[in-house]
Amino acid sequence: GLRTPHNVMSMPLLIHAFSAGLVAPPAGTLIVGGGPAGLATAIALAKRGYKKVEVLDRLPPPPAVDDTAWSDTARFYLIGIGGRGQNALRKVGAWDAIEPFTQPVAGRKDWAPGSGVDGGVLTVRADRPPSNVIQRDRLVSCLLAESRSLGITVRHEVDVASVRWEGGEAVLTCRPCGEEACQLEEAVEGRAAAAAPPASGGEYELRAPFLVASDGVRRTVAAAVEAADRERRWALPGRRFKVTRFEDTSVRVYKTVPFRPPEDWRGDINYSARTAKANFDALPAPGGDYCGVLLIEPEDELTQGLPDVPSARRYFDDLLPMFSPHISDESLQAVIDKPTSRLPQFRYAGPRLHHRNTALLGDAVHSVKPYFGLGVNAAFEDVAALGQALDDSPDLPNALRAFSAKRAGEARVLVQLSRSFDLGGWRSFAFFIGPLILDGIFHGVAPSLFAPNTLAMLQKPHLSFARVRWRKRLDRTIQLAVLAAAATAAGRLAAVALGAAAADASAAAPRP
């Protein structure tokens, strides 16, 4: 019979090759950053046939996914994975490892300023899937377990001190991360490698033909790319890589406040309250407890230090009377003892998200304040986009260019939109509150013509951030045109009315 030539793949092998992606796996891949985005990237690559994937992270590993430590609600920061993040994690192939450890949230109950204890308004959203809440570190633990099951190497307590590029490789200078350095990071929030760390604990180098930077706000790799671009002799205007940083015009700090809601409160709702001096937002943890984030000004009396639990009780009775009865004395003492934490600043990197054989994603290229749950969800979208680019491109350079083209603009628009919600002072009304009011009125009157408000639009997984901004700019143009036309018509009617009144008065006046 006929024999298949050695240089022709059989159909099953050909199908497998295309399902695993067009880009052939490199000899080794290093991922800097073992947070949610870094580990999700490792999983995405491993499921595409990458055999030599290694993740480096500064922090020690989190507790196991089933550890009893997760019952301590106040110890861990809660995050919500919305439709964007869920869709991306399904594409990555990691959602099934996370979902069992999450708590779905179907809506929100919010107390507006001055609304009183019984004035909370419940809103359950039927137009989008629920968000799933999980402790941030438990999310890492889920992804870590999945990574290890796929044969991925994860090195903890490793600091990447510097990065350079030689030929077709990225060269990382690493060193062991001591306890002090790890605590600092927590406050801020073959093989792929050439050799194992030396026993002496000194610096060592790792090399890889493919590098992914997901090192969060530390941005060691982004800083190296920025420095490398500065050394280029020439570049087209606006094409040099840089990290754009915005001044924080609405500085807030926060403390976490755990509480146990009463039996008649729903356990699948996000509870929030807004006051003249603080905002409070609470999410449910698996198990029934809630943990709230209290956003306050740096000069608030809570940040200056309350002397004892009775003082803290009076503070919360006055500020949050709807929540205070459900906060235990033990939790109040923990709030007193724990120092305040700062929120990240608005930053984005661009105009591209790659350099030579390196891709940058997640908080390394876009950081926002975690008010609306966009940061981690956008990071998972970055990971899914990188995987898609690897699937659709003939080689790694083309894949990285395609990834940049798809996500660099999204990183910029995400940060710019998020910052517009947090300008502070009169600008908050002009660019955030006022537009929300306009959108509520116009969308309510003509929902087929005007889209929902920007916050609602950002939660729609099928819309890119750039598309949301374009649509809201269109809405705003039409809204202002309608208001201008209405004002003009009202002015003309008023002029006609005044003219008629003047004519009547003139006719009624006695003649000499």
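Analyst: Let's start with a pocket. In this model, the second largest pocket is lined by 18 residues, and Leu417, Ser420, Phe431, Arg469 and Arg476 lie nearest its centre. The model is predicted, so to speak of local features we need pLDDT of at least 70, and side-chain atom pairs count only at pLDDT 80 or more, while totals for chains, interfaces and linings use all residues. Residues are numbered from 1 along each chain as its sequence is written, and side-chain values use heavy atoms, leaving out hydrogens and water.

User: Which elements give two or more residues to the lining of the second largest pocket?

Analyst: Helices here are DSSP runs (H or I, at least four residues), strands are E runs of at least two, and both are numbered from the N terminus. For the second largest pocket, the elements giving two or more lining residues are H12, H13 and helix H15 (465-508). H13 gives the most, with six residues.

User: How do the residues of that lining divide by class?

Analyst: Ala, Val, Leu, Ile, Met, Phe, Trp, Tyr, Cys and Pro are nonpolar, Asp, Glu, Lys and Arg are charged, and the others, Gly among them, are polar. The lining of the second largest pocket has nine nonpolar, three polar and six charged residues.

User: What lines the largest cavity?

Analyst: On a 1 Å grid over the protein atoms alone, a cavity is a set of points where a 1.4 Å probe fits but cannot get out; a pocket is an open set with protein on both sides within 12 Å along at least five of seven lines, and lining residues have an atom within 4 Å of a point. Around the largest cavity you'll find Gly82, Gly83, Arg84, Gly373, Leu374, Asn377, Leu458 and Gln459. Helix H3 (83-92) and helix H11 (374-392) each supply at least two residues of this lining. Sorted by class, the lining of the largest cavity has two nonpolar, five polar and one charged residues.

User: How many aromatic pairs does the structure hold?

Analyst: Rings of Phe, Tyr and Trp (its six-membered ring) pair if their centres lie within 6.5 Å; planes under 30 degrees apart are stacked, over 60 edge-to-face, and the rest tilted. The structure holds 16 such pairs. Take Phe421 and Phe432: their ring centres are 5.0 Å apart and their planes sit at 40 degrees, so the pair is tilted. Phe421 lies in the loop between helix H12 (396-420) and helix H13 (426-445), and Phe432 in helix H13, so the pair ties together parts 11 residues apart in sequence. Ring pairs also link Trp111, Phe259, Trp265, Tyr271, Phe280, Tyr290 and Phe323 into a cluster.

User: Is Phe421 buried or exposed?

Analyst: Buried means under 20% relative accessible area, exposed over 50%, and partly exposed in between (1.4 Å probe, protein chains only). Phe421 has 8% relative accessibility, so it counts as buried.

User: What does Serine 147 touch?

Analyst: A contact means heavy atoms within 4.5 Å. Leaving out residues up to four places away in sequence, Ser147 touches Leu39, Ile43 and Ile152. Ser147 lies in helix H5 (residues 136-149), and Ser147 is buried, with a relative accessible area of 0%.

User: What is the mean pLDDT of the protein chain?

Analyst: pLDDT is the predictor's confidence in each residue, from 0 to 100. The chain's mean is 87, and 90% of its residues reach 70 or more. Watch residues 1-19, though: pLDDT stays under 50 there, and the model has two contacts for them beyond four places in sequence.
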